[in-house]
Amino acid sequence: MWRVFRPDAVTVLRDQKARKSLSRYFAVVERKLPARFLVCKRVKVKVDLSVSNGELWRAHEQGLKQFRKLLVDVDDGKVKLSDVKRPKVSLLDLKVELARRILKSCHFCERRCGVDRTVGKGGVCGVGERSRIASEFMHHGEESVLVPSYTIFFTGCTFHCQFCQNWDISQYPDSGVEVSPQTLAKLAEGARRNGARNVNWVGGNPDPNLHTILAALNECKTSIASVWNSNMYYSLEAAKLLFGTQDVYLSDFKWYDSNCALRYSKVPKYLEVVSRNHRLAFEDAELIIRHLVMPGHISCCTEPILKWIVKNLGPMVRTNVMSQYRPIYLADKYPEINRRITSEEYENALNIAKEVGLQNLEP
Ligand code: SF4
């Protein structure tokens, strides 16, 4: 049925630019290669999970080197993943343990609240130890390469965007229902059987739920592409834990001017953190960048972001220049963004994208 109202999700399978920039993702979707987290599960780490944080991180570095080697061998057809025994302690087990420890003085994101989420809340995001989801369903409104996308909406967010379209879940971390990693794994496995191209972790934001999602991937036995659909404000430690587990980073790059980020999303150090994480994500796996055009923010944000992408990641990164901004939630407190963008603003944004040399735009 989705093929009728999203024919672009079928034609994109023949889009050579999309295929080139997301080649491994397509191979996972088409069952030619295993999802990265399954490879991560086969990497042996020689460490006792009760040792110090420093020793665990050193073992993690070693494990990542082995992961990259195994991934190349699997992708080149030199090694069949099913021939590699699941080790006693895998790189993914180690990631789950490190995430569990981070939760005790939370620094999953660069807010670095340092709160112990195993004994209560108190961080900026308000997310507790146990993750909560507001909904999960087969999403047909995502980018064409992703549809149908099995999307899981976690409650809570590390930002306070004053115009958030999902404010009823992002700003209310206690909404929704508690969910276990085991349940999430079963849901993802079922979705793949029902034709999902990927499991899409979003919210709110997935970052405060990294411990749950890594544990869910560790439970999941089915090869399904994993998509990290994030505001990209996660910490360096979280970035390292994500390495080797995600097939696609579906990023949000909204602000270039720090004053804009602070005023409208209530977040400091935006460009510093988000640009770093874009570089790391691009080095680790494949990337789709979303840029939401904001009213009156072409010269301060849209233009420099699009230039930054070409300069730092190249012209072939799949980029979605989005026009769907709506002034909702608290936007009426900010007269300058209390309107939709004009057709001239959107045209201008698309022209800039072409002028700066971006060659792989989501149509
Ligand atoms: S995820 Fe970020 S905002 Fe939430 S408690 Fe942890 S450090 Fe704070």
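Biologist: What makes up the secondary structure of the protein chain?
Modeller: In this predicted model, the protein chain has 15 helices and eight strands.

Biologist: Why is the protein chain called as compact as a globular protein of that length?
Modeller: The globule rule gives 21 Å for 363 residues, and the radius of gyration of the protein chain is 20 Å, close to that value, so the description holds. Along the principal axes, the C-alpha atoms fill a box of roughly 60 × 50 × 40 Å.

Biologist: How much of the protein chain counts as buried?
Modeller: Of the 363 residues, 48% do; the cut-off is 20 or more other C-beta atoms within 10 Å of a residue's own.

Biologist: Which residues of helix α14 are buried?
Modeller: In α14, residues 298–313, they are C301, T302, I305, L306 and I309. An α-helix has 3.6 residues a turn, so residues three or four places apart point the same way.

Biologist: What covers the buried residues of α14?
Modeller: The cover includes the helices α12 (258–265) and α15 (343–356), together with the strands β7 (286–292) and β8 (318–322). After α14 comes G314, with a positive phi near 95 degrees.

Biologist: Which residues come nearest to the ligand?
Modeller: They are C106, C109, C113, G123 and C125, out of 15 residues around the ligand.

Biologist: What classes of residue form the shell around the ligand?
Modeller: Nine are nonpolar, three polar and three charged.

Conventions
Residues are numbered from 1 along each chain as its sequence is written. This is a predicted model: local features need pLDDT of at least 70, side-chain atom pairs count only at pLDDT 80 or more; totals for chains, interfaces and linings use all residues. A residue is near a molecule or strand if its C-beta atom, placed from the backbone, lies within 6 Å of it. Ala, Val, Leu, Ile, Met, Phe, Trp, Tyr, Cys and Pro count as nonpolar, Asp, Glu, Lys and Arg as charged, and the others, Gly among them, as polar. A residue is buried if 20 or more other C-beta atoms lie within 10 Å of its own, exposed if 12 or fewer, and partly exposed in between; C-beta atoms are placed from the backbone. Helices (H or I, at least four residues) and strands (E, at least two) are DSSP runs, numbered from the N terminus. Two residues are in contact if their C-beta atoms, placed from the backbone, lie within 7 Å. The radius of gyration is taken over C-alpha atoms; the globule rule is 2.2 Å times the number of residues to the power 0.38.
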